[in-house]
Amino acid sequence: MKLTPLHDGFVAEASEIDISNPLSPAEVEAVEAGMDQYAVLVFRDQPLTDEQQCDFTRNFGELEQTLIAQMTKGSERRLQPMEMGDISNLTASGTLRARDDSRRMYALGNRLWHADASFRATGAIYSLLSARVVPSKGGNTEFADMRAAYDALDAQTKALIEDLVTEHSIAFSRAQLGFDDYGSGNEDKVRPVRHSLVRTHPVTGRKSLYLSAHIGGIIGWPVPEARAFIRDLTEHATQPQFTHAHQWRVNDLVIWDNRTTMHRARRYRDLEEVRDLRRTTIKGTTLTAAQVPAMAAE
Amino acid sequence: MHITPLTRNASGDFAGEVSGIDLTGTLSDGDIAAIEAGMDRFAVLVFHDQRFDDDTQLAFSRRFGELEISSGGEMSKPEERRLKLEMADISNVDRNNRLRDADDRVRLIALGNRLWHSDASFRAVPAKYSLLSARVVPGKGGNTEFADMRAAYDALDTATKALIEDLVTEHSNAFSRETIGFPPEAYGSENQSKLRPVRQSLVRTHPVTGRKSLYLSAHIGSIVGWPVPEARAFIRDLTEHATQPEFVHAHVWRPWDLVIWDNRTTMHRARRYDDLHDIRDMRRSTVRGDAMTAPQAQAA
């Protein structure tokens, strides 16, 4: 496998590897080492079935079930495996979603900078996104390097945030867009969890900002002050020098580390063009902060 | 009176520093016309060493039109106010001049000023000029940043210009405060009618220069005819575009600065400072606009 850096220590293109077939332990290690160094890896021309994508993903840990699958009846899901995140604008029958479709409204939250599954107590490690159909224009995914963003903070801000703990919930990101239609029976899935605002990567030892649109508060701070501060930090962390825009081609697979990056989707003509991306996600294994109450959203 | 440009972008000059005029003294109609011409060109004018008290600031402000009652003033009880109704209290002290506590309701409402906005865009006839006078400034932080909505409009691609040309947005103080988790109910039942959304055109044309600008504000909660989440995501994208560094000027305050900005062609925001320990006492007078930018849904 060969790695070509795309953005000064952040994001690399991985070539000379076929990820549709079983990987050797050395290849898995090389991918992981590349992830530790670059945080985002782009694989081009990797046509995958859902099964091949799940098999490749399992090299790196246990798969998580997507929240939206957990909140949706089987008959309403286009992709049946609960582990396959449906990042598309299609209904269960394969037609384009209507403008006021509730599922479309929910998906618009992906246009806010976030780390996947930060609303779970253990967060997520890697996300793997495979492009099956892409629109002719727009719909880029942008990534931001939370290690470089942390490093660039002044000493006073680093001291201020060192021990801060934030509260994350899917309801906070969606409320920013005026969406709160989760259906009954899902109240437990929107209960906030706690995360450290500064986290340390277990392998590299590098610190990073753990930011996400799912943050709604900072423990011990008045809510408006916390939100204004998190907005300022997010603006800092997503400046052009920390970000990379990925322009999708069919059969791209992109892996990112949710512990060290944020990402967001950009607008495209989703009422007229199909964008079918499929996401698998590696479950986090540790808490970044103690939970209160102890029974937080799993 | 002499004006030095402070920034320049692809569309022209933005923000000017004015010297050679004492605004607290007697000004001729020619002086006022020169200031207005400067505002039309630069959208933001900075004057140093202008030793206003509230009365002289209000008198100077009235030369540009009728003054607004501040929203903070009209939503508070007389015994809670430190200043006259026409004088918006942009400070972190209470009426006894004591620093406000971390969880003080007025402090939490004021945090909404850290979001990019245009003053009084939540009124059917929104504000023309704002005039902000610095009486006490903190040791560090607390800048005010301004963004040029004419240059931001000019820099949009053709497809986006066509998309937004006839869009109408809904503005309310409740929307900006909700964004930072301050619930509308906390304004009190007596103030709920003041939170009713008003409509504004997303693209407006300056009555003198004829230049188009983006009329954006944190007070926007929706676009008429659009699903709310789609409107909010789109307004966020436009706001991000419009507040890129090339369109922005940061003003670092000194005591006795007076800054005037045109709310029809700019957005602004306050930056963080150590407000639990350092006093920042600024006073804002606001000149009313003279027309609605869009028909209202019902008689307001």
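**Close-up views of the model**

**View 1. Surroundings of A:P192 and A:G216.** Setting aside neighbours within four places in sequence, A:P192 is in contact with A:E167, A:H168, A:S169 and A:G216, where contact is taken to exist if the C-beta atoms of two residues, placed from the backbone, lie within 7 Å. The model is a predicted one, in which local features need pLDDT of at least 70 and side-chain atom pairs count only at pLDDT 80 or more, whereas totals for chains, interfaces and linings use all residues. Residues are numbered from 1 along each chain as its sequence is written, while chains are lettered from A and ligands numbered from 1 in the order in which they are written. A:P192 belongs to the loop between α7 (170-176) and β8 (193-196) of chain A, the helices (H or I, at least four residues) and strands (E, at least two) being DSSP runs numbered from the N terminus. With 21 C-beta neighbours inside 10 Å, A:P192 counts as buried; a residue is called buried if 20 or more other C-beta atoms, placed from the backbone, lie within 10 Å of its own, exposed if 12 or fewer do, and partly exposed in between. From A:P192 to A:V292 the C-alpha to C-alpha distance is 9.5 Å, although 100 residues separate them in sequence. A:G216, which is placed in strand β11 (residues 215-218) of chain A, is likewise buried, with 21 other C-beta atoms within 10 Å. Beyond four places in sequence, the contacts of A:G216 are A:E167, A:S169, A:F172, A:P192 and, from chain B, B:G181.

**View 2. The side of chain A that touches chain B.** In this pairing, 18 residues of chain A are in contact with 17 residues of chain B. Helix α8 (residues 223-237) of chain A supplies the largest share of the chain A side, namely 6 residues. By type, the residues on this side of chain A divide into 8 nonpolar, 3 polar and 7 charged, with Ala, Val, Leu, Ile, Met, Phe, Trp, Tyr, Cys and Pro counted as nonpolar, Asp, Glu, Lys and Arg as charged, and the others, Gly among them, as polar.

**View 3. One side of helix α2 of chain A.** The buried residues of helix α2 (residues 50-57) of chain A are A:Q53, A:F56 and A:T57. They cover an arc of only 100° around the axis and therefore lie on the same side of α2(A), the arc being that of the directions from the helix axis to the C-beta atoms. The packing partners of these buried residues are β5 (124-133) and β15 (276-283) of chain A.

**View 4. A:L41 within the largest nonpolar core.** Among the 65 residues of the largest nonpolar core, A:V40 and A:L41 touch the most other members; such a core is a set of buried Ala, Val, Leu, Ile, Met, Phe, Trp, Tyr and Cys residues joined through C-beta atoms within 7 Å. The element that gives the most to this core is β5(A), with 6 residues. Not counting residues up to four places away in sequence, A:L41 touches A:A12, A:A14, A:V31, A:G34, A:M35 and A:I255. Apart from this core lies another, of 64 residues, which includes A:Y106, B:A127, B:A151 and B:I220.

**View 5. Two loop residues of chain A with positive phi.** A:D8, although not a glycine, has a positive phi of about 40°, and its position is in the loop between β1 (2-5) and β2 (12-15) of chain A. A:D8 is exposed, having 10 other C-beta atoms within 10 Å. A:E16, also not a glycine, has a positive phi of about 60° and lies in the loop between β2 and α1 (25-38) of chain A, where it counts as exposed with 7 C-beta neighbours inside 10 Å.

**View 6. Strand β15 of chain B and its partners.** Of the 8 residues of strand β15 (residues 281-288) of chain B, 6 are buried, so the strand is largely enclosed by the rest of the structure. Strand β4 (residues 88-91) of chain B pairs with β15(B) in the antiparallel sense over 4 bridges, pairing being assigned if DSSP finds at least two bridges between two strands. Within this pair, B:S91 has B:D281 of β15(B) as its bridge partner. Strand β5 (residues 127-136) of chain B also runs antiparallel to β15(B), the two being joined by 7 bridges, and B:L131 stands opposite B:S285 in β15(B).
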